[in-house]
Number of protein chains: 2
Amino acid sequence: MKVLILGGAGMLGRKLAARLVTHGLARGAVTELILHDIVAGEAPAGAAFKTTVLTGNIADADQSTRLAALKPDVIWHLAAIVSGEAEANFDKGWDINARGSWHLLEALRAQNEASKGAYRPRLVFASSIAVFGAPFPAQIDDDFLCAPQTSYGAQKAITEMLVADYARKGFIDGLSIRLPTVCVRPGKPNAAASGFFSGIIREPLNGLEAILPVSDDVRHWHASPRSAAKFLTHAADLDEAALGGRRSLNMPGVSCTVAEQIEALGRVAGSDAVALIRRVPDDAIMAIVKNWPRDFAPERSPALGFEAESSFDVIIRIYLEDDFEGVRP
Amino acid sequence: MKVLILGGAGMLGRKLAARLVTHGLARGAVTELILHDIVAGEAPAGAAFKTTVLTGNIADADQSTRLAALKPDVIWHLAAIVSGEAEANFDKGWDINARGSWHLLEALRAQNEASKGAYRPRLVFASSIAVFGAPFPAQIDDDFLCAPQTSYGAQKAITEMLVADYARKGFIDGLSIRLPTVCVRPGKPNAAASGFFSGIIREPLNGLEAILPVSDDVRHWHASPRSAAKFLTHAADLDEAALGGRRSLNMPGVSCTVAEQIEALGRVAGSDAVALIRRVPDDAIMAIVKNWPRDFAPERSPALGFEAESSFDVIIRIYLEDDFEGVRP
């Protein structure tokens, strides 16, 4: 089985590729992995399958035509520019995050039609809780409206709609999964407004100072990179019939406040780690974060077998197991 | 004030143009009306303002560029191909109902940017309850998700998202109103699957037999053409600040069953009219209709001053007052 990861050079793409090596897919053995991204991805270590690395911009329709012609059996569409960049560069955001997705669906439809319906790949679109916008209920349920307050969120919501309609018409076999904020992100701090959720855990564990730009009572929705990769493979293995007419799923996660994150850090790594968190309130970040979802009550995704961590302590331990390069606390 | 109706030759466009003649807009006097449609519209009778009639296909980006260059102060976007046609002709539906809307928004944004923000028209997008898909709660509230089960519904939902994001960024001043099924539609029966909701009232009032293809317990959501036109002008006059971050509104309407429609017909026009309804069950139409919304509990739109009929009896009387050409019962 040939599989394709769009956005294969990113953090989540790498986690997913590594999981394909260790766990594979229930739907069939992976024989070839194609990694596509704007920069060259890296073949995962220890793979029994062939890895092909391709580069290109999915805003370019030709890229999608070329990729669809390879007829991958499973496609994970993780390619996107992040929220902050999509907000700062309107055209780039819409070109990559929405028109790019539409080109991909059109290219897959062309292959479906050329094959008289024989080719109908499973497409897993990595959507985001950014499709939701304030005001929110205490917990967001599976029937809550999408009213995004960022271009990124609108682009994700529109791609979900396209995926659902192309799937309903039988051109693809597709679904969208709305990922929680992935935490603890490994590596260096990035420019995302959400970066501090990982930073206040990762930096102290590595003996570094971390900046906390929001108040301790900010509540948010998290899942580990390991869970996110598992959501993606589980979505690829899911029985299409179980989705019914609703092909966008809110993923499970852990809802906690920044204070609870810090308490968990204290339990796992002690008060010295906690002391490395420095509070530097940032009004701009607070203004963004106050429009973000805080908590969910997903029912469909757990019923379909998606599972997240049971607590933020577990999320920290997964970081230590999977990504931490120092001496474990 | 220059105003533009896209889809100005259709039933709703004509009703809106006529209302501009009789009631105008609260936001300012209309000095020029531009009617754009694929076929030539007709200037409304008795207008004190100039009417300009233009023809073209909004799937063609050049049309939008030309229309935006006219810098209308208010734009009603009613242009669309109907649900059945969008379902039968996938490309045509997406080209007209979604790409066409996007071209329009891009053309308006270009004018906004060229004018350094001085030009920022009010855009009223005529959306539809087709953005919703089954399963439904007993009543759909203002926070219910969009999960369309037709391409037409997906195209409307995507245009709503685009309108909201272009408005949020300040390129336009826009909102979307989700119209109930407009009933009683004047004129001849049309090919729409929803046509019978009007047909079972209009044909008997005109002494003609009407076919009822669904069972009497089918419940649906209606508003008169007069209300729909009033929604459109009220949306043009609405204070933008009152919308907050949610620029799609479920319009008020009348929820009733086919049996209740027929009882209302009996009260208004007697049992002879009712006797002209012939039951010819049609499985194909029933399969479509069972996925349609049945009832709503809108709170925001009534709070913002949108008002529909109080009963289906009133809807029938409005047909008799506004569109009936025979001798009134």
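Helix α5(A) is mostly covered, with 17 of its 18 residues buried; buried means 20 or more other C-beta atoms within 10 Å of a residue's own, exposed means 12 or fewer, partly exposed is in between, and C-beta atoms are placed from the backbone. This is a predicted model, in which local features need pLDDT of at least 70, side-chain atom pairs count only at pLDDT 80 or more, and totals for chains, interfaces and linings use all residues. Residues are numbered from 1 along each chain as its sequence is written, and chains are lettered from A and ligands numbered from 1 in the order in which they are written.

Helices here are DSSP runs of H or I, at least four residues, and strands are runs of E, at least two, numbered from the N terminus. Just after α5(A), A:Gly170 has a positive phi of about 90°.

Now α2(A), residues 61–69. Which of its residues are buried? They are A:Gln63, A:Ser64, A:Leu67 and A:Ala68. These four sit on the same side of α2(A), because they cover an arc of only 125° around the axis, the arc being that of the directions from the helix axis to the C-beta atoms. On the other side, A:Asp62 and A:Ala69 are exposed. The cover over the buried residues of α2(A) includes β1 (2–6), β2 (32–37) and α4 of chain A, where contact means C-beta atoms, placed from the backbone, within 7 Å. After α2(A) comes A:Lys71, with a positive phi near 50°.

Technical notes:
Axes are lines fitted to C-alpha atoms, for helices over the stretch in contact, and angles run from 0 to 180 degrees between N-to-C directions. Two residues are in contact if their C-beta atoms, placed from the backbone, lie within 7 Å.
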